Amino acid sequence: MLIKEAFGAREKSYAPYSHFHVGAALLTKNSKVYTGCNIENAAFSPANCAERTAIFKAVSEGEKDFVKIAIVGGAEGKTMEYCPPCGVCRQVMREFTVPEKFVIVLAKSLKEYREYTLAELFPEGFGPENL
Ligand code: THU
């Protein structure tokens, strides 16, 4: 299950500066799952979010058709609240998906989750068709 994979990915989070641990699991059209965690850096700005780690792993393996992403996160590896994707990650999702179809699952637990489309979280985004 995608949410479970996101929790597993969060275990790998490298977040010694923010102590905010995030995991993501991305489902492709041909049923593969790519996981990702946030990876921080002493210089701060090179940090990469869990969602982008998962998406870039997939694209680098030749996968560009995405169905859904599950995201879990929280301070000190605990899950108190939903963890919505940052604006940069929404923009990266916009590049590879149809916003009305791509589903973003924000989870607090395996049972407690919310589903959105990218179009709901990132309306009127700038995409490849705008160039
Ligand atoms: N972060 C993610 O990985 N994904 C999100 O959706 C929100 C924020 C990371 C970036 C940084 O390492 C830490 O969480 C605190 O912002």
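How far apart are the mean positions of the positive and negative charges of the protein? For the 16 positive and 16 negative charges, the mean positions are 4 Å apart. Here Lys and Arg count as positive and Asp and Glu as negative, while His and the chain ends are not counted; the place of a charge is NZ of Lys, CZ of Arg, CG of Asp or CD of Glu. The model is predicted, and local features need pLDDT of at least 70, side-chain atom pairs count only at pLDDT 80 or more, and totals for chains, interfaces and linings use all residues. Residues are numbered from 1 along each chain as its sequence is written, and side-chain values use heavy atoms, with hydrogens and water left out.

The protein has 4 helices and 5 strands, taken as DSSP runs numbered from the N terminus (helices are H or I, at least four residues; strands are E, at least two). Along the sequence these elements follow the pattern α-β-β-α-β-α-β-β-α. The radius of gyration is 14 Å, close to the 14 Å given by the globule rule for 131 residues, so the protein is as compact as a globular protein of that length. This radius is taken over C-alpha atoms, and the rule is 2.2 Å times the number of residues to the power 0.38. The C-alpha trace spans about 40 × 35 × 25 Å along its principal axes.

Of the 131 residues, 44% are buried, where buried means under 20% relative accessible area, exposed over 50%, and partly exposed in between (1.4 Å probe, protein chains only). Among contacts (heavy atoms within 4.5 Å) with a separation of 6 or more, 62% are between residues 24 or more positions apart.

Aromatic rings come next. The whole structure holds 2 aromatic pairs; rings of Phe, Tyr and Trp (its six-membered ring) pair if their centres lie within 6.5 Å, with planes under 30 degrees apart counted as stacked, over 60 as edge-to-face and the rest as tilted. Tyr17 and Phe44 make a tilted pair, at 5.6 Å centre to centre and with 40° between the planes. Tyr17 sits in the loop between α1 (2-10) and β1 (20-28) and Phe44 in the loop between β2 (33-37) and α2 (50-60), so this pair ties together parts that are 27 residues apart in sequence. Tyr17 is partly exposed at 37% relative accessibility, and Phe44 is exposed at 58%. The rings of Phe66 and Phe96 have centres 6.1 Å apart and planes at 70°, so they form an edge-to-face pair. This pair links strand β3 (residues 66-75), which holds Phe66, with helix α3 (residues 87-96), which holds Phe96, across 30 residues. Phe66 is buried at 8%, whereas Phe96 is partly exposed at 25%.

Finally, Val103 belongs to strand β4 (residues 103-107) and is buried at 19% relative accessibility. Beyond its neighbours within four places in sequence, Val103 is in contact with Val67, Lys68, Ile69, Glu115, Tyr116 and Thr117.
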